[in-house]
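Dear colleague,

I am handing over the structure below, and the notes that follow it set out what was found around the ligand. Please read them with the structure open.

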Amino acid sequence: PPAARIRDLRKSYGKGAARVDALAGVSLDIEEGEFTAVMGPSGSGKSTLMHCCAALDHADSGEVWIGNSEIMRLGDDALTRMRRDEIGFVFQSFNLVPTLTAEENILLPLSIAGRKPDRRWFGKVIRTVGLEDRLGHKPNQLSGGQQQRVAVARALVSRPTIVFADEPTGNLDSRSGAEVLGLLRRSVDDHGQTVVMVTHDAAAAAWTDRVVFLADGRVVEEIRRPTRERVL
Ligand code: ADP
Ligand code: ADP
């Protein structure tokens with residue numbers, strides 16, 4: 001089954017003449033172990049789509065299935081568990097807690113849930129993101145690229161069904177951006193992670209398996225390419 005199924009998702013902002021249909025009926029299947037890029041002009045609905053799919057925002061209508069659950073039909077407790085266990089999110093602005101170390105930030109979703117990390121998996125995630133010697137650093141002692149790698153590790157640590165990333169390289173120089181893309185790619189290739197990433201950068205999209213284009217709140221085009229052709 002797909003990791004996520006989105007059906008006729010709709011969301012509007014404002015009323016009357018000021019109404020904007022941010023999502024005007026989006027349907028999409030996200031296959032397990034696939035790295036998908038969502039592209040499109042500014043205002044085409046990319047962020048709204050990510051937030052509605054990750055249960056950070058409510059759509060007006062439609063369905064978002066993550067695994068076997070439709071998120072808008074979940075009660076509060078089930079939704080909290082879904083956000084914590086099934087969904088990872090990477091923000092453009094990192095969103096780390098400034099008073100916590102890198103390690104504490106990465107483990108935060110687990111500590112909030114009162115869970116102990118699987119140390120083997122934690123070690124793997126840390127090696128994947130290359131943060132072995134930065135675990136005791138606070139965010140302000142890390143570069144932007146390192147902070148985003150902490151944020152990616154935080155998104156991966158609970159082994160979520162799906163990771164959503166909203167412009168994860170938007171605040172990074174191209175070298176740090178490539179590092180973050182490389183580790184999202186490796187999480188897909190080595191661990192079968194499912195990743196959906198918003199980007200406006202064609203070079204970033206080149207790391208993915210599939211590109212979905214949005215315009216005016218609709219899917220207007222889709223490109224899927226075999227791994228072999230994934231070159232810049
Ligand atoms: P993108 O991420 O592709 O730039 P967004 O999802 O941010 O697009 O926005 C889609 C449309 O919804 C835009 O027209 C935007 O102005 C509008 N929009 C987004 N968020 C809000 C909001 N909180 N209030 C009013 N309009 C909004
Ligand atoms: P490795 O872990 O072997 O060093 P990389 O992190 O460099 O691998 O790349 C991981 C995956 O991303 C590989 O499958 C590679 O083909 C692909 N890849 C590497 N660089 C690019 C690029 N510039 N554009 C698109 N895909 C790339």
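The residues of the shell around ligand 1 divide into four nonpolar, six polar and one charged, where Ala, Val, Leu, Ile, Met, Phe, Trp, Tyr, Cys and Pro count as nonpolar, Asp, Glu, Lys and Arg as charged, and the others, Gly among them, as polar. This is a predicted model, in which local features need pLDDT of at least 70 and side-chain atom pairs count only at pLDDT 80 or more, while totals for chains, interfaces and linings use all residues. Residues are numbered from 1 along each chain as its sequence is written, chains are lettered from A and ligands numbered from 1 in the order in which they are written, and side-chain values use heavy atoms, with hydrogens and water left out.

The mean pLDDT (the predictor's confidence in each residue, from 0 to 100) of the protein chain is 94, and 97% of its residues reach 70 or more; for the complex, the predictor gives an ipTM of 0.75 and a pTM of 0.89.

Around ligand 1 (a heavy atom within 4 Å) are Tyr13, Val20, Ala22, Pro41, Ser42, Gly43, Ser44, Gly45, Lys46, Ser47 and Thr48. The largest share of this shell, three residues, comes from α1.

With kind regards

Methods
Helices (H or I, at least four residues) and strands (E, at least two) are DSSP runs, numbered from the N terminus.
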